[in-house]
Amino acid sequence: MSPYISYCILSGNFPTALTVFCIAGTTDFLDGQIARRFPSQRSMLGSIIDPIGDKLLMGLTTLTLWYSSLLPGWLLLIILGRDVILLLGGMVIKYQSLDKFSYKEMFNVTDGSMEVKPGWHGKFNMCLQLGAVIGCLSGPVFDFQDFSIPSKLFVFYWICGDVFVFTIRSDLQ
């Protein structure tokens, strides 16, 4: 879905981009609920693929929104920078768990050493990021692009500020 959302943004089809993004966020939430409530639906591979899908969705969408001048560059750097730090941190932890380095073992996701268990800060941060992206996509759809109206500007930057604070806080946990 991520490449299609980016395509819609770049082609100016913001209503479709917003709809598909909301569907992607909702199905990701439901997938997480199913995995938590039904242990038979959990897997090591799923615990790794789900966050990768989240990063792909947020990364491509935020990059495309920034390219289209709908997302401030500083917020893009915070969101993508956090993801890069998390990825590198995971690779360092995996490397340290190896007795002897080999690419086969480094990227083996079935050995149980890299199960991802996000905390509530990370989940809340993801909700804030989703809200910020929905806000950016809603601008062209509902004609919120004129940020000269103080209340619209305040709400947008309030969401962005929360994303910043919880991004940093979730990384420190």
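Predicted model: local features only at pLDDT ≥ 70, side-chain atom pairs only at ≥ 80, totals over all residues.
The chain has 173 residues, and 32% of them count as buried. Now take the contacts between residues at least 6 apart in sequence: 67% of these join residues at least 24 apart.

Next, the helix pair. Two packed helices are described by the angle between their axes and the distance between the axes. Helix α3 covers residues 44-67 and helix α4 covers residues 73-97; their axes come within 10 Å and cross at roughly 155°. Angles over 145 degrees count as roughly antiparallel, and α3 and α4 are therefore roughly antiparallel to each other. Their crossing is left-handed. On the α3 side, the contact is made by K55, G59, T62, L63 and W66, while α4 brings in G73, L76, I79, L80, R82, D83 and L86. Sorted by class, that contact has six nonpolar, three polar and three charged residues.

Finally, the rings. The count of aromatic pairs comes to two. One of them joins Y95 and F101: the ring centres are 5.8 Å apart and the planes are at 50°, which makes the pair tilted.

| Residue | Relative accessibility | Class |
|---|---|---|
| Y95 | 48% | partly exposed |
| F101 | 38% | partly exposed |

Conventions. Residues numbered from 1 in each chain as written. Heavy atoms only, no water. Axes fitted to C-alpha atoms, helices over the stretch in contact; angles between N-to-C directions. Helix = DSSP H or I, 4+ residues; strand = E, 2+ residues; numbered from the N terminus. Parallel < 35°, antiparallel > 145°, perpendicular 65-115°, else oblique. Left-handed = near helix turned anticlockwise from the far one by under 90°. Contact = heavy atoms within 4.5 Å. Nonpolar A, V, L, I, M, F, W, Y, C, P; charged D, E, K, R; others polar. Phe/Tyr/Trp six-rings, centres within 6.5 Å; stacked < 30°, edge-to-face > 60°. Buried < 20%, exposed > 50% of the residue type's maximum accessible area, 1.4 Å probe, protein only.
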